[in-house]
Amino acid sequence: MRILFLPLAALAGATWLGSCSPQQSGEKKEVAKATDKTVEMADTATQGLKPRLITTFPDSMNTPDGLALLPGGRVLLSIPNMADNKYPARIVELTSNGYKPFISHPPVEPTTKHAAPMDLAIGPDGNVYYAENQYENSKDFKSRLMRVLMKNGQPTGTIETAVDHFALANGIVWKGNDLYVTDSQWDLPDNDKGSAIMHFALAELKPGTTIHLKPKTKDPHVLAMFTTTVNETGVDNGADGIDYDSQGRIYTGSFGDGNLYRVTLKPDGSYASQEVVPVAAPKIPCIDGFVIDRTTDKAYITSARLNSIDVVDLKTNAHTILARNGDTNGAGGRLDQPAEVLLKGKQLLISNYDNPNKHFVNTKSDAPHTESAIDLP
C-alpha cells in the first residue's frame, strides 16, 4: 500500500498556547543568548505540514518530553534533561504565554542522585503519576513510577514512589482504574532484548505504599512482552509510547525497531492476545511517543529517527506523513527529534527531545530547546 503525503499548507494563527512566548524572568537572558547564537540549518526534506513554535526553553531545560492533559485543559510537560543532566529535572505547566513551574525539584533516586521524569498522566484518584527513567544513570533496575499527591488541582508537596525496580520506565496511560506502563528494557535471563507493558490496578496503588517489581522475571504485573530486533542504530530499547483505541485495545511502539503492537484485553483489563499491526509501507523505523484520537482511531506517532510525525489509521493500517523535516536546530518550531505528542482539541502538541542516537536525521543536541504544535484540520 502506497504511503500518502498530506499537502503542505499554511497553518492557522496561534490559538491556545501562543506561537511566540516569553520565558520565566530568571531565564530570559539564557534563552536569548542561546537562540541568538544559533542559525537554522537547511531544511531540505520538508513534507506535509509545518509545525509552529509554542515556546523555547533554556539550556537548563534541554530535553522536553512527556505531556499530560489535566482537567480544565491544563497541560503538564516533563523535562528530564537527559542531554545534559548537570541540570536538575523539572515538570512544568504550559501556559498561553510560555510555561510556569509545577514541580521544580522532583525527588532524586537515592543512589543515582538524579530525577528523570518521562511520560506522565493524571489518575482517577486525582493524583499525577510519572514514569522515571533511571536507565541512563544505572542499569541496575533503579527506574520508578512516581506519584504526585494532589489537592484542588495542585501538588501538595508530597511525591512518593508508587512502584520501583523498573529497568527503563517510559510511557504510561490510564484506562479507567487500570494503569499501563511500558518498560523499554525489561530483559529476561533468556532474552536481553526484551521490553514489556506492566499493568497495575488503582486499588493496589495506595498512597503511602510502594509496589516492588521483581527484575529479570515475568513479574505478575507484566501484561505483555516484546523482543526488539536491533538495527544499524544499535538501540535495543523496545516498548515506548502507549495508548488505547476506541475499542479499548492497548498499543505500544518499539523505539529500537519501529514495530507497532496491539494488545487485546479481557474485560478485567488483563491480557487476551497481542499482534504486530501491519502498518502500510514504508516501515516506520523508530516509534517513540504517540497519541490515539479515539474519535477516529488514528494514531499520531513520533518517528523520532526521521524527524517525523506519522499518522496510522488503526482501522485500515493506512500510513500518512503529517509533518517531516531534515536536520534542523528546531528554530521556528521545526521538528527536532520529536519524542511525545498530545492532542488538545484540534492541536497536536509536540515535544522536541533533541538527544539523538546514531543514524538519526537529527545529528546533535543544540539550542533552541523547543515545544511545537500543529493545528489539525
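1. Two strands are taken to pair if DSSP finds at least two bridges between them. With that in mind, strand 12 (residues 169-175) and strand 13 of this predicted model pair in the antiparallel sense over five bridges, and within this pairing Val173 stands opposite Tyr180 in strand 13.

2. Is strand 13 buried or exposed? Six of the six residues of strand 13 (residues 178-183) are buried, and the strand is therefore largely enclosed by the rest of the structure. Both of its faces are covered, with Asp178, Tyr180 and Thr182 buried on one side, and Leu179, Val181 and Asp183 buried on the other.

3. On confidence, the mean pLDDT of the chain is 90, and 88% of its residues reach 70 or more. Over residues 1-15, however, pLDDT stays under 50, although the model has 38 contacts beyond four places in sequence for this stretch. Residues 18-40 likewise have a pLDDT below 50, and that stretch has 45 contacts in the model beyond near neighbours in sequence. Where pLDDT is low, the predicted coordinates should not be read in detail.

Key
Residues numbered from 1 in each chain as written. Predicted model: local features only at pLDDT ≥ 70, side-chain atom pairs only at ≥ 80, totals over all residues. Heavy atoms only, no water. Buried < 20%, exposed > 50% of the residue type's maximum accessible area, 1.4 Å probe, protein only. Helix = DSSP H or I, 4+ residues; strand = E, 2+ residues; numbered from the N terminus. pLDDT = per-residue confidence, 0-100. Contact = heavy atoms within 4.5 Å.
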